[in-house]
Amino acid sequence: MRAMILKEFRELRRDKRTMAMLIMLPIVLLVIFGYAANFTIDELHTQVVGPNAEAVADQLPPLFVVDGTLPDGTTQDAKDLVKDNKADVVIDTTTTPPTAFVDGSSLFAAQTAVGAFNAIPDDQLKVEVLYNPNLTTSWVMVPALVGLILTFIGTIITSIGLVKERQTGTLEQLAVMPLKPSDVIVGKIAPYFILAAVDMAVVTLLGIWIFDVPFNGNPWIFALGAAIFLFVVLGIGVLISTASQTQAQAIQLAIMILLPQILLSGFIFPLSAMPAAISWIGYCLPLTYFVQISQGIMLRGAGLDSLWPAFAVLAFMAVLIFSLAVLRFRRDLAPSARRSRKEA
């Protein structure tokens, strides 16, 4: 038995990825949960419009960080600021009493704002929650779940499928064919792209039907954002496959990439509640930007004019990751091609 135990320890020591999962992953999760698992919002980005904007802005408690005032603004301007995600709260002083418009698509910020405003009498301030008036959790979660499902298919399923082909020798057959690495990658990920697109449509429609989640925006813009995001996660799946020799290794790497996407993308914990040392990681993750796109289009009916930064970041990620995937895939094809020529 002692020899068997020592043998297992030696095998674990040689398997660096498993050791990383056993040692590093618990530490990373502890740090992430310790700092990121926070539902308390300390600051609410606020805009004030109307003739009394300056006076009202000066009277707001520290929780409401006033980013700007618009003395000539109208009620429609106030609602547009919320729609375009320019503020968590917009106070309209053109009405009597003033009206606080709260962005219900940002659930935790909205709950914090409503809780703070409840202490103010109704004859001094009215509160109107836009885009999620009942602060229903499923309305916020379903658009994010669409992105999570796409991430799961793109990273785990794609990487496992490609590694399986390497193990069965299919990759060596492709190496001797007159195909560019980019052609091979596109051909390989096309079925996963179609499958993920179908899953996205099914989940979105089921979310609308079962949970009464609204779809207020343009479905074609939503489809465009999903397509760009899919290229990103499928590229990540290809990169994982090039760094893995077995399906078990691919699953390990995929999990290590998938967990931060769940925890730090704003999917569960709000980014605004995280310290800067942790939240910057979230802004490097593709799911963060798809969540912004899906929630913005489905709940607020936002368009490209306000969502273009998220689209631009995802497009940059798609080009960068797909280029890296092509380079890594070309490196893997070269040895296979040489072996195939020697055997011939």
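Predicted model: local features only at pLDDT ≥ 70, side-chain atom pairs only at ≥ 80, totals over all residues.
1. Strand 1 and its partner strand 2. Strand 1, which covers residues 44-49, is mostly covered, with five of its six residues buried. Strand 1 runs parallel to strand 2 (residues 64-70), and six bridges join the two; within this pairing, histidine 45 has valine 65 of strand 2 as its bridge partner.

2. Strand 1 and its partner strand 3. Strand 3 (residues 89-92) is also parallel to strand 1, and four bridges join them. Two of the residue pairs can be looked up directly in the model: glutamine 47 stands opposite valine 90 of strand 3, and valine 49 has aspartate 92 of strand 3 as its bridge partner.

3. The hairpin of strands 3 and 4. The pairing of strand 3 with strand 4 is antiparallel and extends over four bridges, and the two strands form a hairpin that has six residues between them. Aspartate 92, named above as the partner of valine 49, has threonine 99 as its bridge partner in strand 4. The loop between strand 3 and strand 4 holds proline 97, and the peptide bond that joins threonine 96 to proline 97 is cis, with omega at about -5 degrees. This deserves a careful look in the model, since most peptide bonds are trans.

4. Strand 4 (residues 99-103) is mostly covered, and five of its five residues are buried. In a regular strand the side chains alternate between the two faces of the sheet. In strand 4 both faces are covered, with Thr99, Phe101 and Asp103 buried on one side and Ala100 and Val102 buried on the other. Strand 4 pairs with strand 5 in the parallel sense over five bridges, and alanine 100 stands opposite valine 127 of strand 5. The chain reaches strand 5 from strand 4 by way of helix 5, in a β-α-β crossover that is right-handed.

5. The largest pocket. This pocket holds about 1,100 Å³ of space, and its lining consists of 42 residues, of which Asn85, Asp88, Ser106, Leu271 and Gln292 lie nearest the centre. Helix 5 (107-117), helix 6 (137-168), helix 12 (286-300) and helix 13 (304-343) are the elements that give two or more residues to this lining, and helix 13 gives the most, with seven residues. Sorted by class, the lining has 24 nonpolar, 12 polar and six charged residues.

6. The second largest pocket. The volume here is about 250 Å³, and the residues that line this pocket include Val56, Phe64, Ile91, Pro98, Phe117 and Leu125. Helix 3 and helix 5 are the elements that give two or more residues to the lining. By class, the lining of the second largest pocket has 10 nonpolar and two polar residues, and no charged ones.

7. Most residues other than glycine have a negative phi. Tyrosine 131 counts as partly exposed because its relative accessibility is 21%, whereas leucine 135, with a relative accessible area of 18%, is buried, the cut-off for buried being under 20%.

8. The C-alpha atom of alanine 325 is separated by 8.8 Å from that of glycine 237, although the two residues are 88 residues apart along the chain.

Definitions and conventions. Residues numbered from 1 in each chain as written. Heavy atoms only, no water. Buried < 20%, exposed > 50% of the residue type's maximum accessible area, 1.4 Å probe, protein only. Pairing = 2+ DSSP bridges. 1 Å grid on protein atoms, 1.4 Å probe; cavity = no way out; pocket = protein on both sides within 12 Å on 5 of 7 lines; lining within 4 Å. Points joined across faces, edges and corners; volume = space filled by probe spheres on them. Nonpolar A, V, L, I, M, F, W, Y, C, P; charged D, E, K, R; others polar. Right-handed = clockwise from strand over helix to strand, strands pointing away.
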